[in-house]
Amino acid sequence: MDYISTRGKIAPVGFIDAVLMGLADDGGLLVPKHIPPLSEATLQAWQQLSYPELALELFSLYVDGEIPREDLKQLVDDSYGTFRDDEVTPVRRVDNSLHILELFHGPTFAFKDIALQFLGNLYAYISKKRDSTIHILGATSGDTGASAIEGVRGKEGIRICILHPHGKVSRVQELQMTTVDDANVLNLAVDGNFDDCQRIIKELFADVAFKQRYHLRAINSINIARILAQTVYYFYAYFQLAKQGQAEKVNFSVPTGNFGDIFAGYLAKRMGLPIHKLILATNENNILERFVTEGVYQPGEFRGTHSPSMDIQVASNFERYLYYLNGGNADVVSALMDGFKRDGRIAVDGDRLKQVQADFSAYGVRNDECLHEIKVCYDAYGYLLDPHTACGVAAAHRFTADDEVTVALSTAHPAKFDEAIRLLEIKQTAPSQIRALSDKPQFQTRVAGTNDAVAEQLVRFF
């Protein structure tokens, strides 16, 4: 399996080199040269697999022998053996038309653990096999940071620096990152918002000389391994419903800000998983909703919300979708991204807009609507949603027809966002791991939101 850039200006690379490259050296994003199609017979056979067994089969298609199967199996088993639920990502029925896919049973109680436990172990494996240094640089709107740090803390040959927007993540998210006192971990609290952090990361990675000099590797969802790991739970959830005889019209409603989680669903659908609708749920930072409904991708006014992990205007995985939307034409993608950098806007119309609207439904959930959904679900079913999951449920209600079933992705444990839950006068008991965080000292460095300020810290750390 070769991996190519969405901008078409690098030679194809294999899986391990794609993981190490992160952002393509031409500034594009890496995608598989072809998407492996799955037959109905294969899908039927996979229904009986456990989550780790399913992950092994899916990863094998994209690793294509570069990692021996036994080694890959060990990586998978090590990655998912730490989860608190034996199913890894259990599916909970709420009512006849709504199920919740719980993605928060990993070490940091967030869906990012599913990809980052695997990527952390994969980086450690590559470092040992190649006797190479790996310096991980990432940005977080809340959950990626803690999951990434947990995946590599204390591991030999790896150092990690995570940027987060100062004062714009939940208290639990901040504590999960900044109470880690391992020598190979650096937390930078950046003055600005997540888009500033993400811009700095992409521009530092685009400086190929700097990237190579300091052995920079990506942990954000610009890394294709993240996307591949997230496709697994779409298959797993669908198979759970299929075993219950509910596979006729299955939708997935996905809270997303960076377009990574829903792009994984799009990739699963292109592989042959018979997803009926992919529902894109966002909050008042609704650039993605506007693109689906109007064909215009243009950042608007930044808004702080109860779902801060989706407080994103520029979605880093959007370019991957543009590549497929334009038939794999890298020249068109390059022109679109150059235009976006120049004008701050991308527009599609005609047949391309019709294709976007065939691929996705989209809804931007207001702050008050998010809280309302939490209260209604708790009062009616005794099930407590975190604010991001509530956005997914609100969008599910909007787009689920009478003869359909929707799986809403639950991206975080509600205890991570107790600030919002308390507004509804709902009391919850946080897991002991989260309660213990408040007693620990914090370790972080506040920096200006500039490339130079961050690069200076990286040079000292790496």
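## Close-up views of a predicted model

View 1. Asp261 is found in helix H11, which covers residues 260-271; helices (H or I, at least four residues) and strands (E, at least two) are DSSP runs, numbered from the N terminus. This is a predicted model, in which local features need pLDDT of at least 70 and side-chain atom pairs count only at pLDDT 80 or more, while totals for chains, interfaces and linings use all residues. Residues are numbered from 1 along each chain as its sequence is written, and side-chain values use heavy atoms, with hydrogens and water left out. Asp261 is buried and yet has no salt bridge, since the nearest side chain of opposite charge, that of Arg226, is 8.1 Å away. Here buried means under 20% relative accessible area, exposed means over 50%, and partly exposed lies in between (1.4 Å probe, protein chains only). For charge, Lys and Arg count as positive and Asp and Glu as negative, whereas His and the chain ends are not counted. A salt bridge is a side-chain nitrogen of Lys or Arg within 4 Å of a carboxyl oxygen of Asp or Glu. The side chain of Asp261 does make a polar contact with the side chain of Gln230, at 3.0 Å; such a contact is a pair of N or O atoms within 3.5 Å, where, within protein, one must be able to donate a hydrogen and the other to accept it, and residues adjacent in sequence count only if both atoms are side-chain atoms. Leaving aside neighbours within four places in sequence, the residues in contact with Asp261 (heavy atoms within 4.5 Å) include Phe111, Tyr233, Val254 and Leu409.

View 2. Six strands form an open sheet with mixed pairing, in the order E3-E4-E14-E9-E10-E13, and two strands pair if DSSP finds at least two bridges between them. The edge strands, each pairing on one side only, are E3 and strand E13 (361-364). E3 and E4 run antiparallel and are joined by four bridges, and Arg93 stands opposite His99 in E4. H11 packs on this sheet, where it touches strands E9 (250-255), E10 (275-282) and E14 (405-410), and its direction makes about 170° with that of E10; axes are lines fitted to C-alpha atoms, for helices over the stretch in contact, and angles run from 0 to 180 degrees between N-to-C directions.

**View 3. A network of salt bridges around Arg92.** Asp85, Arg92 and Glu102 are linked in a network of salt bridges. Arg92 meets Asp85 with the closest N and O atoms 3.3 Å apart, and Arg92 also meets Glu102 at 3.1 Å, N to O. This second pair links distant parts of the chain, with Arg92 in strand E3 (residues 91-95) and Glu102 in strand E4 (residues 98-102), ten residues apart. Arg92 is partly exposed at 31% relative accessibility, whereas Asp85 is buried at 17% and Glu102 is buried at 6%.

View 4. The side chains of Glu203 and Arg199 form a salt bridge of 3.7 Å, N to O. Because they lie four residues apart in helix H8 (residues 194-206), Glu203 and Arg199 are separated by about one helical turn. Glu203 is partly exposed, with a relative accessible area of 37%, and Arg199 is partly exposed at 32%.
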